[in-house]
Amino acid sequence: VATSCSINVNLFFSINISIYFAFLAYFAGNSTCFLFTLSPNLGVFTYTGYNDHYMYLNQGQQTMPNGLGMGGQHNYFGLWIDSNYGSGHSKAKPRCTTYNSPQLSAREHFTIETMEVWLVGNIPESDVSKTKSVLDADPEAQALLEMIGKTRVSDGLREPGEEQGEE
């Protein structure tokens, strides 16, 4: 996945995320992730080996930062896009420890005017194979609930054709 941002000072920078990741309160990724910028100058910033803070994505927690971060550490990311998707920061002075990138924006804190997100490549096979519904997640628990008189109120709520992929 690549993300590009146009910042209030006409800078353009981007990230490359080489693996699928979900909302987690810790860093994920691998050494193939990188940051890059096209303006004002072309720059590609790859993994330094200093730490494994490749990328961070979190939402809905009060004790941890909520948003998308690349490199650095909590509150001092090489690139941070806040969960409200209208602001962010690049606190990489003098350099981001994970990617050796400079501060990517003219000002440490910025507002985002436009954002584009691209998926290049195929959806990971592990995500394609997850066809079961959450309604089928624990049949033993469902049987126990039925034995004590609790019925499933969600029966019949599936989309037409949704059960075709089930075995």
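Select N75 to start. N75 is partly exposed, at a relative accessible area of 44%. Here buried means under 20% relative accessible area, exposed over 50%, and partly exposed in between, with a 1.4 Å probe and protein chains only. The phi of N75 is positive, about 70 degrees, although N75 is not a glycine. Strands are DSSP runs of E with at least two residues, helices are DSSP runs of H or I with at least four, and both are numbered from the N terminus.

Before moving on, note what you are looking at. The model is predicted: local features need pLDDT of at least 70, side-chain atom pairs count only at pLDDT 80 or more, and totals for chains, interfaces and linings use all residues. Residues are numbered from 1 along each chain as its sequence is written, and side-chain values use heavy atoms, leaving out hydrogens and water.

Next, select N100. This residue also has a positive phi, near 55 degrees, and is not a glycine. N100 is partly exposed, with a relative accessible area of 38%. Its place is the loop between β9 and β10.

Stay in that loop and select P94, which lies between β9 (87-89) and β10 (109-118). Show the backbone from K93 to P94. The peptide bond that joins them is cis, with omega about 0 degrees.

Now go to β6, residues 55-58. Which way do its side chains point? M55 and L57 point one way, Y56 and N58 the other, and all are buried.

Strands pair if DSSP finds at least two bridges between them. On β3 (residues 27-28), pairing with β6 is antiparallel, over two bridges. Pick A28: its bridge partner in β6 is M55. Then turn to β7, which pairs with β6 in the antiparallel sense over four bridges. Here N58 stands opposite G67.

Finally, zoom out to the whole protein. Colour by secondary structure: there are two helices and ten strands. The order along the sequence is β-β-β-β-β-β-β-β-β-β-α-α. Colour by burial next: 34% of the 167 residues are buried. Then show the surface. The accessible surface is about 10500 Å², with 54% of it belonging to carbon and sulfur atoms; the areas come from the Shrake-Rupley method with a 1.4 Å probe, and for residues only the protein chains shown count as cover. Last stop, contacts, meaning heavy atoms within 4.5 Å. Among contacts between residues at least 6 apart in sequence, 48% join residues at least 24 apart.
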